[in-house]
Amino acid sequence: MNWINSKFYGDLLIFTNYILLSLLWIICCLPVMTIFAATTSMFSVVKNWRNGGDERILSEFFGAMKKSIFQKILINFIFILFFIVVYEDLTLMTSIQSSLLFLGISFILLSTLLMFSVLVHIFNIYIQFEKISIVILFKNALLISAAQFKWTIAGIAFLLLCAITVYVLPFLLFIIGSFVAFVLISISERSLNNMGLKESGGVIEKYNSY
């Protein structure tokens, strides 16, 4: 039996490609302001692999990363600003004694939940629908999150599980990224299919009832 042509070797090669992609993603996230760009590139490569595309990594990754790079940096800034504001507000809330403390923390937790709901879908939406504005991107990510609530919750639960796993086993951070992308793409694709969404003139439109 030719081992190189065996199914096991093919599966091992695919697994290795996913690990290499995860390492490349980590390296490209180090400048911080490139996190969104690097993540969308990783999702783009994984989606290409899922659809039976070429298994090249570097050319596919950096080709996707340089597209609309300034828009991606702006979106990255929005996320960073959000988490900084949430962190500062939570720090302030926990340092004061007030009857509004519970309401304040509840609002912060709700805002964080909404942002993580967006994270479940936003990367797949971004790479699937080209020339989409930032406002429409976030708007549709929120609408899909609400309309496909069970899949959104599944995505959030998966992200929390991954976060806990990486906290316990930090070395997994360097290999888990592309596998997370694979699962989130599957969840987001199911949500989009359930809602019957398409792109028209850079705007996501619903053409079937759900």
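This note goes through the predicted model point by point, from the overall fold to single residues.

1. Basis. The model is predicted, and local features need pLDDT of at least 70, side-chain atom pairs count only at pLDDT 80 or more, while totals for chains, interfaces and linings use all residues. Residues are numbered from 1 along each chain as its sequence is written, and side-chain values use heavy atoms, with hydrogens and water left out.

2. Secondary structure. The protein has eight helices and two strands. Helices (H or I, at least four residues) and strands (E, at least two) are DSSP runs, numbered from the N terminus. Read from that end, the order of elements is α-α-α-α-α-α-α-α-β-β.

3. Of the 210 residues, 40% count as buried; buried means under 20% relative accessible area, exposed over 50%, and partly exposed in between (1.4 Å probe, protein chains only). The accessible surface comes to about 12,300 Å², and 71% of this belongs to carbon and sulfur atoms. Accessible areas come from the Shrake-Rupley method with a 1.4 Å probe, and for residues only the protein chains shown count as cover. Among contacts with a separation of 6 or more, 70% are between residues 24 or more positions apart, where contact means heavy atoms within 4.5 Å.

4. Largest pocket. The volume of the largest pocket is about 800 Å³. Of its 25 lining residues, Trp25, Ile35, Thr39, Leu119 and Leu159 are the closest to the centre. At least two lining residues come from each of H1, H2, H4, helix H5 (101-128), H7 and helix H8 (177-195). On a 1 Å grid over the protein atoms alone, a pocket is an open set of points with protein on both sides within 12 Å along at least five of seven lines, and lining residues have an atom within 4 Å of a point. Grid points are joined across faces, edges and corners, and the volume is the space filled by probe spheres set on the points.

5. Salt bridges. The whole structure holds two salt bridges, defined as a side-chain nitrogen of Lys or Arg within 4 Å of a carboxyl oxygen of Asp or Glu. In one, the side chains of Glu189 and Lys47 meet at 2.9 Å, N to O. This pair links distant parts of the chain, with Glu189 in helix H8 and Lys47 in helix H2, 142 residues apart. Both Glu189 and Lys47 are buried. In the other, Arg56 and Glu60 meet at 3.4 Å, N to O. Arg56 counts as partly exposed because its relative accessibility is 46%, and Glu60 is also partly exposed, at 23%.

6. Nonpolar surface patch. Val32, Met33, Ile35, Leu74, Phe77, Ile78, Leu81 and Val85 form a nonpolar patch with about 620 Å² of accessible area together. Patches are made of residues with over 30% relative accessible area and no salt bridge; like charges are joined within 9 Å, and nonpolar side chains (Val, Leu, Ile, Met, Phe, Trp, Tyr) within 5 Å. Helix H4 (residues 69-94) gives the most, with five residues. Met33 sits in the loop between helix H1 (7-29) and helix H2 (35-50) and is partly exposed, with a relative accessible area of 30%.

7. Positive phi values. Val32 is also in the loop between H1 and H2, and has a positive phi of about 70° although it is not a glycine. Val32 counts as partly exposed, at 41% relative accessibility. Ser68, in the loop between helix H3 (58-65) and H4, has a positive phi near 50° and is likewise not a glycine. The relative accessible area of Ser68 is 45%, so Ser68 is partly exposed.

8. Residues of helix H7. Trp151 lies in helix H7 (residues 149-168) and is partly exposed, with a relative accessible area of 23%. Leaving out residues up to four places away in sequence, Trp151 touches Ile187, Arg190, Ser191 and Asn194. With residues up to four places away not counted, Phe158 touches Val180, Val183 and Leu184.

9. Ser117. This residue is in helix H5 and is buried, with a relative accessible area of 8%. Apart from neighbours within four places in sequence, Ser117 is in contact with Ser145, Thr152 and Ile156.

Note on methods
On a 1 Å grid over the protein atoms alone, a cavity is a set of points where a 1.4 Å probe fits but cannot get out, and a pocket is an open set with protein on both sides within 12 Å along at least five of seven lines; lining residues have an atom within 4 Å of a point.
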